[in-house]
Amino acid sequence: MPELPEVDTIRSQLAPVLAGRQLLDGWSSPSPKFVDAIEAIGATVDAVTRQGKYLILPLDDGRELVVHLGMTGSLRILPAPAEGVPPDPYVRASWNLSGGGTLVYRDVRQFGRIAVVDAGRYSSLPTLAALGPDPFDEAFDGDALWTALRRSDRHLKTQLLSQRPVAGVGNIYADEAFWLAGVHPADRRITRARAATLADAIRTALRSGLDHGGTTLRDYVDADGATGGNQHHLFCYGRAGEPCERCSTPLRRGVLDARTTTWCPTCQPRRR
Ligand SMILES: [Zn+2]
C-alpha cells in the first residue's frame, strides 16, 4: 500500500512533467470512487503536491484534483494509446495531456479514490479533512505527537494509522517506527519522552523509504513504472520469525485491530 514515501516519490516524478499541462479530454470508470475524474477536463494542472498519502493537483480554475492511491493505485504518464489496442481493464481514469501523452490512473483492487474539489474543501474526504501534521513539518515533534496520542485510548499503532496524530504513516512504516523506538504497538499510553523517540523514529523510517524510492511488496510502482528498493532495508515489517537485528529474539506477528503487526517481544515490551 502506498504510504508517504511512495506517494512522495510519485509526486516528485510527476511534478516537473505535469505542471502547466492541460487535461484536454479524458475518461473515467462510472464508479462513484473515480467518476469525478472527468470534472477536471479542460483545466490546466498548476502543480503536483502531497498531503499525507494524498496527491493533490491544484488546477488553474481554483479547484484541486485529489488522488488517493488506496492499496494498488498508480498514477503515470504513458504514450497516448494507439487505436485498436484493447484498453487495460484496470485503468479507472485517464486524461489526454496538452503536449502529448496520457495521464493514467490504474487500480486493480479499487481501494483508491479520485475527487475534484474547490481548493482546500475536503468535506467529501473525511480522512483528508482530519489529517494530522506532515511528519517533516516543523509543527510535528515529540510534544505534538504526545499531545495527539493522549486524546485517545486506542492502541498507539491504530491511532497512527488513523492519520490524525501524523499524516502519511501506514502499516509498513508504523511497524518500522515502533521497532526503531522500542515501543509496543498495542500500548495505549506513552510517556512524553517515548513520544519524542517515536516521533524521531517515524521520520527515520519514512526517510529510509524516501531515500530508497519507496517500498514495493507486491503492487507499488513509481510514476516511471519502476519498483522501489526499501523492501531490502526493513528491520521489522514482514520479518516475523526472523531474528531481531538488535537482540536476535525472533520477531513476532499478530493482528492488531485487523491489521497485521510485527514486533520484537524483547525490544518492545508491553508497558501500558
Ligand atoms: Zn529485539
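Predicted model: local features only at pLDDT ≥ 70, side-chain atom pairs only at ≥ 80, totals over all residues.
Arg 50 lies in strand β2 and Asp 8 in helix α1, so the pair ties together parts that are 42 residues apart in sequence. Helices (H or I, at least four residues) and strands (E, at least two) are DSSP runs, numbered from the N terminus. Both Arg 50 and Asp 8 are buried, a word that here means under 20% relative accessible area, while exposed means over 50% and partly exposed lies in between, using a 1.4 Å probe and protein chains only.

Residues are numbered from 1 along each chain as its sequence is written, and side-chain values use heavy atoms, with hydrogens and water left out.

How many salt bridges does the structure hold? There are 12 salt bridges, and a network of them links Asp 8, Arg 11, Arg 50 and Asp 134. Another one joins Asp 187 and Arg 270, at 3.1 Å from N to O. That pair links distant parts of the chain, with Asp 187 in the loop between α5 and α6 and Arg 270 in the segment after β10, 83 residues apart. Asp 187 is buried, with a relative accessible area of 2%.

Now please look at Arg 92, which sits in strand β6, residues 91-97. Arg 92 is buried yet has no salt bridge, and the nearest side chain of opposite charge, that of Asp 107, is 5.7 Å away; for charge, Lys and Arg count as positive and Asp and Glu as negative, while His and the chain ends are not counted. What does the side chain of Arg 92 reach at 2.8 Å? It is the backbone oxygen of Asp 107. Leaving aside neighbours within four places in sequence, Arg 92 is in contact (heavy atoms within 4.5 Å) with several residues, including Trp 27, Phe 34, Tyr 105 and Gln 110.

His 68 belongs to strand β4, residues 63-68, and counts as buried because its relative accessibility is 18%.

Next comes helix α5, residues 171-181. Of its 11 residues, 10 are buried, so the helix is largely enclosed by the rest of the structure. What covers these buried residues includes α1 (4-18), α4 (156-161), α6 (192-211) and β10 (259-263). After α5 comes Gly 182, whose phi is positive, near 70 degrees.

Finally, I turn to the loop between β1 and β2, where Ala 47 lies. Ala 47 is partly exposed, with a relative accessible area of 26%, and, not counting residues up to four places away in sequence, it touches Ala 19, Ile 56, Leu 57 and Pro 58. The C-alpha atoms of Ala 47 and Leu 14 are separated by 9.0 Å, although these residues are 33 residues apart along the chain. Ile 41 is found in that loop between β1 (23-28) and β2 (49-51) as well, and Ile 41 is partly exposed, with a relative accessible area of 31%.

How values were computed
Salt bridge = Lys/Arg side-chain N within 4 Å of Asp/Glu carboxyl O. Polar contact = N/O pair within 3.5 Å; in protein donor to acceptor, adjacent residues only side chain to side chain.
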